[in-house]
Protein chains: 2
Amino acid sequence: MTVGQSPELSELFAPKSVAVIGASNRPGKVGTSLFRNILKGGYQGVVYPVNPSSPSVSGVRCYPDVASLPEAPELGVVIVPAPAVAGVVDELGKAGARGVVVITSGFREVGEAGAALEVEVVRRAAQYRMSLVGPNCFGVINTDPAVGLNATFSGSLPPTGRIAFVSQSGALGAGILQYGIAERIGFSRFVSVGNRAGVDENDLLVALGKDAATRVILLYVESLADGRRFLETAREVTEVKPVLVIKSGRTPAGERAALSHTGSLAQSGRDQLYDSLFAQSGVQRVDTLGDLFRFAKIFSTGLSMAGPRLVILTNSGGPGIVAADAAVRSGLELPPLPPPLKATLVQRLPSIAAVSNPLDMTADIGPNTYRETLAALLGAADLDGALVISTPTGTMTAQDVAQAILDSKKANPKPIAACLFGLSDLSKEVAFLEENGVPTYTFPEEAVGGLGALARYHAWLTRPHTTVRTFAVDRAAATAAVAKARAAGTTVLAEYAARSLLAAYGIPFPKVETARTIDEALAAADRVGYPVVLKVASPEISHKTDVGGVALGITDPPSLRAAWDSMQRSLRAAAPNARIEGFEVEAQVPSGKEVLIGVQRDPNFGPVVVFGLGGIYVEVLRDVTFRLAPLRTLSAEHMIESVRAFPLLKGVRGEPPSDLAALAEIIERVSQLAVDVPEVVEMDINPLIVRAQGHGAVAVDARVVLSPPSRGGPSA
Amino acid sequence: MTVGQSPELSELFAPKSVAVIGASNRPGKVGTSLFRNILKGGYQGVVYPVNPSSPSVSGVRCYPDVASLPEAPELGVVIVPAPAVAGVVDELGKAGARGVVVITSGFREVGEAGAALEVEVVRRAAQYRMSLVGPNCFGVINTDPAVGLNATFSGSLPPTGRIAFVSQSGALGAGILQYGIAERIGFSRFVSVGNRAGVDENDLLVALGKDAATRVILLYVESLADGRRFLETAREVTEVKPVLVIKSGRTPAGERAALSHTGSLAQSGRDQLYDSLFAQSGVQRVDTLGDLFRFAKIFSTGLSMAGPRLVILTNSGGPGIVAADAAVRSGLELPPLPPPLKATLVQRLPSIAAVSNPLDMTADIGPNTYRETLAALLGAADLDGALVISTPTGTMTAQDVAQAILDSKKANPKPIAACLFGLSDLSKEVAFLEENGVPTYTFPEEAVGGLGALARYHAWLTRPHTTVRTFAVDRAAATAAVAKARAAGTTVLAEYAARSLLAAYGIPFPKVETARTIDEALAAADRVGYPVVLKVASPEISHKTDVGGVALGITDPPSLRAAWDSMQRSLRAAAPNARIEGFEVEAQVPSGKEVLIGVQRDPNFGPVVVFGLGGIYVEVLRDVTFRLAPLRTLSAEHMIESVRAFPLLKGVRGEPPSDLAALAEIIERVSQLAVDVPEVVEMDINPLIVRAQGHGAVAVDARVVLSPPSRGGPSA
């Protein structure tokens with residue numbers, strides 16, 4: 001992140017003047033094409049070439065250095081060799097420039113020497129509070145005719161449109177621009193962020209979120225500059241406009257050696273972590289570049305779909321069925337037609353028409369019926385949008401169909417997507433529809449995919465806005481537990497310490513008391529309530545069961561006496577020298593469903609909460625879900641619902657449902673702990689027993705790992 | 001299925017003469033466009049219009065009826081109204097025609113009257129042993145210039161190519177043809193099968209399998225004419241050439257009420273059944289029309305990929321990473337480069353190149369290096385194919401890249417797919433590559449998808465060819481068990497009857513003996529071996545546990561005596577009037593993993609075997625898999641491996657692996673039973689306990705449902 005001049009980054013996107021330092025006349029040089037592109041792109045400000053060895057560049061008077069320019073350039077675009085860049089940035093700063101785009105490569109991406117150069121560039125830009133894009137980037141584009149800035153070395157500009165594209169890969173960005181030209185896809189802004197030494201995707205999300213010309217923001221990233229800031233930023237920006245992301249690098253070549261238990265989970269689930277992050281921030285993660293542009297197309301129209309209820313209007317059965325399948329895959333619904341509407345349409349349409357959803361009008365339809373049918377469907381309160389599929393017929397040309405669609409659309413703001421099946425994307429009928437706000441797709445499935453993205457975005461906008469709940473906790477006790485472990489020089493907390501840390505955050509454990517004599521044990525058992533478990537408490541006995549130090553299922557005082565005596569004998573025999581601190585009398589854990597709740601502290605994402613059903617579900621079937629802490633009530637609920645084994649918690653085979661409210665609250669409390677106590681780098685409650693609805697949940701075992709003392713900060 | 005004239009269906013695809021009955025001159029009529037299309041499509045035979053009311057059609061001499069034609073037409077194309085079609089088919093048959101395509105609609109698809117007309121059409125065609133396509137279809141195309149037949153009402157012909165397309169939807173087919181023209185996709189054959197009264201997709205698979213011009217067969221189906229014949233046919237055809245299918249209608253609007261336990265599973269898993277069928281027959285099921293053509297494109301080149309090991313060659317990082325992610329999704333592998341090759345390339349390529357897989361040569365590459373690098377990669381024995389991604393650079397034009405790819409390709413038959421990122425599919429460079437056998441895609445993910453399909457097809461061709469094992473079974477006992485139930489008028493077999501049926505097929509059950517006295521019981525327990533289970537045997541007690549009629553875990557004679565006495569008391573109290581046939585002394589089932597093996601008899605697919613882990617995995621998590629019986633050893637193994645819970649059978653947490661060989665054999669035995677005993681419409685072994693490797697498996701409970709007596713045929 002850079003110390004930018006303005007949140008809108010107007011110094012980058014709409015500078016009144018630009019200096020191109022390193023502009024050139026030599027064919028094939030980046031400085032040559034970049035300067036020409038600015039000239040040729042219809043830039044409405046003043047562009048100055050800077051080059052000490054040319055009197056002019058592309059016929060424009062050239063200046064030997066920034067200081068000689070007749071005015072302070074608002075933006076500098078730098079193409080000089082890497083070692084000279086910091087000096088140029090300094091000159092620009094001195095002259096009063098507000099932004100700088102460093103195209104030059106040879107910085108961090110080439111190793112240590114380059115990284116040092118980059119640090120210097122960043123320092124200079126920060127010194128003058130300049131926005132910095134790059135280094136090692138492809139440049140910046142603003143297609144707004146009032147600005148007309150193409151500060152890249154891409155030869156031609158895509159059409160002006162509503163899609164902003166931010167790319168971490170310059171070449172991919174260049175390819176996309178060319179694709180945009182070939183396929184007539186309109187862009188509003190384009191930024192190649194390169195090494196992200198200054199401006200990163202987070203800054204751009206903020207700026208593009210405020211940009212009136214942009215209706216949808218597309219990101220291509222291979223990593224996130226700051227996962228946590230991304231979450232916060234994207235959550236705000238997605239309230240205003242949709243954000244689509246391709247996060248590549250799902251398959252790291254090397255895999256870190258398995259860490260601890262949950263550690264290895266989180267590692268193998270790293271891509272799942274990105275999924276969770278995007279889901280939590282309202283960003284739609286897209287799998288392929290094809291989908292990215294198909295989704296972007298529909299968002300760029302500004303259409304919105306107020307629910308998932310789609311109607312499919314077709315003039316042939318097969319493509320309608322294909323679309324229906326795809327609709328279900330895309331999360332859309334195909335409700336039956338409202339009976340009065342159905343009755344009307346049955347009268348109006350040919351007898352062989354299938355008046356249902358999909359609605360197959362058959363091929364024998366003229367423009368009037370087409371228009372009236374679509375208008376009637378759009379008018380139905382129970383339907384949120386329409387897909388129109390048209391296959392070639394003898395009765396209507398594709399142009400007739402396009403006109404009928406547009407006529408029906410006039411009266412109604414509901415979204416329509418179209419598939420003029422068989423026509424090339426580049427046909428005039430497709431262009432006619434798209435220019436008039438009807439996104440048109442090659443295949444029915446693609447159109448449905450776009451509508452599905454639209455409906456998902458609306459669902460995000462209208463989700464219940466829950467908050468991060470803050471529970472009253474005993475922070476002093478938590479701090480004390482951590483401090484005690486620190487003082488003892490341990491990083492893995494002892495069981496009682498882990499419990500007291502968690503208990504301080506309201507995580508329920510079974511009632512337990514420590515007894516030194518059988519009388520104390522009997523009294524304790526009365527207080528915690530039978531059935532009880534008796535356990536030896538000794539820091540020197542780690543595997544209590546092995547030495548007969550655990551007795552389960554004690555139901556009454558005589559059994560407790562018997563268990564006590566038996567345990568004393570076993571311990572004398574098996575651990576004669578162990579220092580015994582006492583005996584724990586613990587309420588026996590009731591039956592319920594076993595779940596795991598964990599915390600991982602990720603270098604990029606910060607504290608991450610993990611949830612899954614315990615045992616096999618987590619360990620073997622990897623059925624887990626992640627969310628970044630702090631998480632809201634809705635996210636806690638989503639976590640619970642998103643594991644495959646969720647039906648087990650809902651209750652099957654006549655079982656009562658588990659106490660999901662109690663479970664969600666415990667997840668939220670764990671989230672609060674993860675945020676409050678930064679020393680905790682890893683934590684598992686495994687298992688937590690979730691009882692039937694109304695009966696709460698209770699933790700059985702917990703494991704807490706602290707950061708090494710040198711790394712851990714104080715508990716704030 | 002029709003009684004066709006030839007397996008190659010040459011009477012449809014390459015007739016020497018065609019009569020168009022219902023040819024017309026009136027604009028907008030199907031008979032007008034169809035006749036014109038045959039003329040205009042460059043048909044190399046003789047086409048005759050037949051119409052009693054015109055002296056000529058499109059300038060060609062017209063005949064009043066088939067009988068008046070100067071020669072017997074090899075093929076008749078019929079466009080007369082539905083009621084007249086059967087008469088025309090009769091005329092054609094009398095004249096000696098060998099095939100007939102009925103375009104006319106108004107048959108089965110419109111109800112009973114139409115269905116009756118259709119029966120008559122089929123009868124006439126069969127009488128003269130004519131191949132029948134349709135009715136209610138869009139026609140037939142053969143693009144081979146030596147034939148040049150466009151017997152459809154689609155205005156223009158797609159280019160000649162290697163893709164055969166069979167569509168159950170005429171309109172979808174028409175759209176696809178138009179798409180083929182727009183996108184320059186070459187077809188060899190096209191058939192719209194309409195109502196499939198005669199020729200169906202199975203006949204066409206056979207014919208197109210033999211067609212030298214066709215390299216890949218595409219099917220669009222909404223249902224299969226005969227699931228079982230499809231399996232057999234497709235298995236043979238896929239040995240010769242790849243078959244891709246879109247099976248739509250995944251989401252039936254209505255859902256049948258839940259049947260019995262496994263019944264409801266199979267119902268909700270109906271689409272999964274298709275998945276299994278396609279997997280078993282080597283047909284690649286494709287999700288979208290886009291993928292269908294992207295996959296078809298690579299198969300139409302005739303390229304084959306001898307393994308999944310892909311190398312990605314790129315001139316920029318980002319698209320390479322995107323492709324790498326997609327490769328893993330498509331089931332491909334990206335092995336590291338062989339060290340000697342890597343060493344050579346490191347020397348040859350710029351220092352900033354990433355010589356790895358993906359291999360990023362960077363943008364600073366000239367044609368020679370490009371060509372040499374690709375040739376070297378193709379030459380590596382450890383790599384099976386290459387994806388070349390090229391983003392726009394200043395150093396090479398797209399044409400240079402295309403030429404470099406083709407130069408490298410010359411020496412090597414390994415498949416190359418290309419992505420000239422940013423170029424339209426319709427650009428000349430893409431055409432140049434594709435004309436020379438390099439399938440080229442808009443986006444890297446699409447190219448990888450195509451290569452993945454290629455590798456999957458090769459894996460199918462080279463799979464271990466296991467056979468259907470036939471076990472020595474006691475068919476007489478099985479027949480007797482069924483006959484006895486039939487005689488008793490029951491369809492749900494009693495437990496002992498179900499057991500004896502299954503035992504006849506070698507499904508192991510715990511040893512059991514029936515005792516009438518405690519002494520008999522003690523003797524029986526000695527023979528079956530402790531621990532044993534004691535159960536009351538009474539046809540009048542269905543819930544034995546409720547009346548104290550089951551005692552588990554009996555470890556020795558005294559315990560057996562005690563259990564015996566206790567059971568007698570309980571039964572006297574709880575079921576004083578029940579007729580008791582005796583008491584079963586059964587070896588107690590050892591511990592192991594619970595699985596379910598079931599059989600469903602599907603009207604279209606015949607017997608289907610179901611497998612999943614028992615209990616929650618099947619019932620709640622729906623983690624089941626299906627295969628059509630009879631199944632081969634490999635299919636049984638695939639079933640076991642394809643459930644999500646398979647790791648539990650492989651052994652986790654230090655457990656030994658389960659006896660998978662025994663499990664596979666039992667699945668195969670169940671498959672044999674399902675095929676042999678057609679009266680069994682439904683069967684569950686639930687649970688079967690699978691013990692550790694080498695210890696076999698044993699069934700605990702079984703449920704067998706027979707067809708109602710009226711429907712069930714005799715056990716062959």
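A: A residue is called buried if 20 or more other C-beta atoms lie within 10 Å of its own, and exposed if 12 or fewer do. This is a predicted model, and by that count 52% of the 716 residues of chain A are buried.

Q: What makes Asn195(A) a buried residue, and where does Asn195(A) lie?
A: Asn195(A) has 22 C-beta neighbours inside 10 Å, and the cut-off for burial is 20 or more, so Asn195(A) counts as buried. Asn195(A) lies in the loop between strand 11 (187-192) and helix 6 (201-209) of chain A. Leaving aside neighbours within four places in sequence, the contacts of Asn195(A) are Phe107(A), Arg108(A), Glu109(A), Glu118(A), Gly134(A), Pro135(A) and Asn136(A). Asp291(A), for its part, is 96 residues from Asn195(A) in sequence, and their C-alpha atoms are 26 Å apart in space.

Q: What makes strand 24 of chain A largely enclosed?
A: Strand 24 of chain A covers residues 606-613, and seven of its eight residues are buried, so the strand is largely enclosed by the rest of the structure.

Q: How do you know that strand 24 of chain A pairs with strand 23 and with strand 25 of chain A?
A: Two strands pair if at least two bridges are found between them. Eight bridges join strand 23 (residues 593-602) to strand 24 of chain A, and these strands run antiparallel, with Ile597(A) standing opposite Phe611(A) in strand 24. Strands 23 and 24 of chain A also form a hairpin, with three residues between them. On strand 25 (residues 624-628) of chain A, strand 24 has five bridges, again in the antiparallel sense, and there Val609(A) has Arg627(A) as its bridge partner.

Q: Which residues touch the most other members of the largest nonpolar core?
A: That core has 430 residues, and the residues touching the most other members are Val101(A), Val101(B) and Val609(B). Beyond its neighbours within four places in sequence, Val101(A) has contacts that include Leu12(A), Leu75(A), Val77(A), Val133(A), Cys137(A) and Ala151(A).

Q: How do you know that the two copies are related as by a two-fold rotation axis?
A: Chain A can be laid on chain B with an RMSD of 0.2 Å by a turn of 180 degrees, with a shift of 0.1 Å along the axis, and the copies are thus related as by a two-fold rotation axis. The same surface serves both copies, for 100% of the contact residues of chain A recur in chain B.

Q: What makes up the contact between the chains?
A: Chain A gives 49 residues and chain B gives 51 residues to the contact. On the side of chain A that touches chain B, the elements that give two or more residues include helix 5 (170-183), helix 10 (289-300) and helix 16 (444-461) of chain A. By class, that side of chain A has 26 nonpolar, 16 polar and seven charged residues.

Note on methods:
Residues numbered from 1 in each chain as written. Chains lettered and ligands numbered in written order. Predicted model: local features only at pLDDT ≥ 70, side-chain atom pairs only at ≥ 80, totals over all residues. Core = buried A, V, L, I, M, F, W, Y, C linked by C-beta atoms within 7 Å. Contact = placed C-beta atoms within 7 Å. Least-squares fit on C-alpha atoms with pLDDT ≥ 70 in both. Helix = DSSP H or I, 4+ residues; strand = E, 2+ residues; numbered from the N terminus. Nonpolar A, V, L, I, M, F, W, Y, C, P; charged D, E, K, R; others polar.
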